[in-house]
Amino acid sequence: MTTHAADHDHHDDHGPVKGWRRWVYATNHKDIGTMYLVFALSMFFVGGAMAFVVRAELFQPGQQFVDPGFFNQMTTMHALFMIFGGVMPAFVGLANWMIPLQVGAPDMALPRMNNWSFWILPFAFTMLFSTLFMAGGAPASGWTMYPPLVLQTGNAFPFLILSVHLMGISSIMGSINVIVTIMNMRAPGMTLLKMPLFTWTWLITAYLLILAMPVLAGAVTMLLTDHYAATSFFNAGGGGDPVMFQHIFWFFGHPEVYIMILPAFGVVSEVIPTFARKKLFGYSAMVYATASIAFLSFIVWAHHMFTVGMPLSGGLFFMFATMMIAVPTGVKVFNWVATMWRGSMTFETPMLFAVAFVFLFTIGGFSGLMLAIVPADLQYHDTYFVVAHFHYVLVPGAVFGIFAAVYYWLPKWSGNLYDEKLGKIHFWMSAIFVNVTFFPQHFLGLAGMPRRIPDYATQFTDFNMISSIGAFFFGTSQLLLVYIVIKCVRGGEKASSRVWEGSHGLEWTLPSPAPYHSFETPPSID
């Protein structure tokens, strides 16, 4: 399999491609991966600013800074920006960069579709952000967009729906690209069970996205017709059922949670063996566990809905099915720990994030098991305990997975070593303050503090203050990451061909060809 990529730098038939054209017309997987990562980082900061508004308001009881309507707009937009603008594009960026290198392909299979799937996103999020300035304000329904609440959004409603559609289209195109690349462009001799685990987790994630995203598209389209075309899918006044929306939404929403965590499992499965200087324990078990989690994720959706009133048999099924997910997840945690057991471990920044991931993600898993128990969930539901649970899964889970990947692969991407001392400072600030932020929320929830409410009883003040202080420090400490990345990209000590001594990854031993661009013809693959 040959490609022009090794022989050419950024150029077309008329000389080198510089400036904005290189990025706007990019068909090279590395440039597109970089754009995804930069976009995701910027969305993390926008979503983080919204979280700052929420935590500032909750610093003390009573109305402090914003009115309740705007408070709920901030919680809604924070979730949409972090999930669809931060975590998912970051993982797609990592997939773009690493999957061709890991399977030995010259590029992604569909380079032009790759370009399109990225450039949809800035327009989708500009449209979503613009709803803040429209009459009636941005959606204040939570990211779940439950009717009839979401239908009261006003002028912003169609913009919300269209932006969600665009995000879904982008995700589906990215997933098709990942699947076709992995299935059709692997190097000779690389069978499926020889692929690196990051590639495996992304293959499974891509199938999840293709199955789940159209379900969300259907749900929001029905919302749109309820609002503008006098249908009554979810309107009880016309014979519809608002609870049906919850079923359809969570049939997408639960796999979506695993879409955000499976690639992080893949990253951690690459990082831990490297810094333990051992092969991953139980490789094929990890693959099957990932596939099991993906399958089970589609049959547990109604555990988000135990309080809507469901038959006893339904509650029992969803409770036991949810608990079953703990089995393959436990296999993965056991295998990571077994990989570290008696390894020659060193604790560079990627390894610190990976170890923190294993420990803190497990806390999120345990609180998830508590929420799976129907009678207990009737108490926990819609309290801060749920907020603590999913933030433990998504921040020290998905986001720490992204941080581990960035530190792990940054020397490969840039050719330079990052500042290890600053990386460790970034890790310790993040690891300490993520716990200061979210651990007290367990206690708030168990004591009965409801979520999505800007005011609260005075007995909750202390834990809310601690949580808000943690959030401000956690958010500002992420500026250090930006500084570390820029400093590394601009120069510094050169990285060797084997950056982490004793690593096993195929992507470290293969030379990384320079990006190739042609705006007249797609890359030729003989």
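Is R451 buried or exposed? R451 is buried, with a relative accessible area of 17%, where buried means under 20% relative accessible area, exposed over 50%, and partly exposed in between (1.4 Å probe, protein chains only). This is a predicted model, in which local features need pLDDT of at least 70 and side-chain atom pairs count only at pLDDT 80 or more, while totals for chains, interfaces and linings use all residues. Residues are numbered from 1 along each chain as its sequence is written, and side-chain values use heavy atoms, with hydrogens and water left out.

A search of the whole structure finds 3 salt bridges, a salt bridge being a side-chain nitrogen of Lys or Arg within 4 Å of a carboxyl oxygen of Asp or Glu.

| Salt bridge | N to O distance |
|---|---|
| R22 and D31 | 2.8 Å |
| R451 and D382 | 3.9 Å |
| D419 and K487 | 2.6 Å |

In the pair of R451 and D382, R451 lies in the loop between α14 (420–446) and α15 (461–490) and D382 in the loop between α12 (374–380) and α13 (384–414), so the pair ties together parts that are 69 residues apart in sequence.

In the pair of D419 and K487, D419 lies in the loop between α13 and α14 and K487 in helix α15, so parts that are 68 residues apart in sequence are tied together; helices here are DSSP runs (H or I, at least four residues), numbered from the N terminus. D419 is partly exposed at 25% relative accessible area, and K487 is partly exposed at 36%.

Notes. Helices (H or I, at least four residues) and strands (E, at least two) are DSSP runs, numbered from the N terminus.
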